[in-house]
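Subject: Structure handover

Hello,

Here is the structure I promised to pass on. Please look it over, then read my notes below.

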Amino acid sequence: MLNKTTGRIYNWFRKIFLLVTFFLLSGYSNITAQENKEKSFSPHHQIGLSINHVHVFEGRDDEGNREVLSLPAWGLDYTFQFREKWAIGLHTDFIIEKFKVEKNLASGEDKETVERSYPIAPALMGIYKPNEHWSFLLGFGGEFAKEENFFLTRAGTEYGYELPKGWEIFGTVSYDFKWNAYDSWGIGLGIAKNFGKK
């Protein structure tokens, strides 16, 4: 008796699940088709400015003790979207503070503490946009300061929301791996302007 009742309930849930899935997918495809009809892609440029916080876990205070640093920074981004889902860009972070950090990614047992004076970190980024809001970024560049320069790899994610007249607001999260030096991650909010978008 219990197996028969369980079987009926299972079949009932399966039918409901299939119906809900069918309606959701058919509605999604209609919405996607309408959006594709309304918007046609044209290559365009974008300039963005963001206010960021860069976090360094291997920071050092004046006595040399380990501390997590949260550093203020600006981001200035240029992006050229050449395909509906693909873009390239030059994304530059400007940390507006001096700080000390241990080179925890350097080889060897003795980890050197270095000072960084207002580093600038440009990176050439490849960008994949699976839809109009999300972007996934990966690229290479450098972090430049008067003390020493580091090669870096950057990965990130952005979420943008279009505003009227070609403007966009966006949130960004990124991770910088400075080769043989240290790593950091950042979070920020920004505004961007599109040029040449129809």
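Two cavities of 30 Å³ or more turn up in this predicted model. A cavity here is a set of points, on a 1 Å grid over the protein atoms alone, where a 1.4 Å probe fits but cannot get out; lining residues have an atom within 4 Å of a point. Grid points are joined across faces, edges and corners, and a volume is the space filled by probe spheres set on the points.

Some ground rules. Residues are numbered from 1 along each chain as its sequence is written. The model is predicted, so local features need pLDDT of at least 70 and side-chain atom pairs pLDDT 80 or more, while totals for chains, interfaces and linings use all residues; side-chain values use heavy atoms, without hydrogens or water.

The largest cavity has a volume of about 260 Å³. Its lining counts 27 residues, and Asn52, Asp93, Arg154, Ser174 and Asp176 lie nearest the centre. Nine lining residues are nonpolar, 11 polar and seven charged. For these classes, Ala, Val, Leu, Ile, Met, Phe, Trp, Tyr, Cys and Pro are nonpolar, Asp, Glu, Lys and Arg charged, and the others, Gly among them, polar.

The second largest cavity holds about 60 Å³. Among its lining residues are Gln46, Asp77, His91 and Phe170. Strands β1, β2 and β9 each give two or more residues to this lining. The largest share, three residues, comes from β1. Strands are DSSP runs (E, at least two residues), numbered from the N terminus.

Now the strands. β1 (residues 44-60) and β2 (residues 66-81) pair in the antiparallel sense over 15 bridges. Pairing takes at least two DSSP bridges. His44 has Gln81 as its bridge partner in β2. Five residues sit between the strands of this hairpin, where Gly64 takes a positive phi near 90°. β2 also pairs with β3 (residues 86-95), antiparallel, over nine bridges. There, Asp77 stands opposite His91.

The Tyr78 side chain makes a polar contact with the side chain of His45 at 2.6 Å. Such a contact is a pair of N or O atoms within 3.5 Å; within protein, one must be able to donate a hydrogen and the other to accept it, and residues adjacent in sequence count only if both atoms are side-chain atoms.

Best wishes

Conventions:
Helices (H or I, at least four residues) and strands (E, at least two) are DSSP runs, numbered from the N terminus. On a 1 Å grid over the protein atoms alone, a cavity is a set of points where a 1.4 Å probe fits but cannot get out, and a pocket is an open set with protein on both sides within 12 Å along at least five of seven lines; lining residues have an atom within 4 Å of a point.
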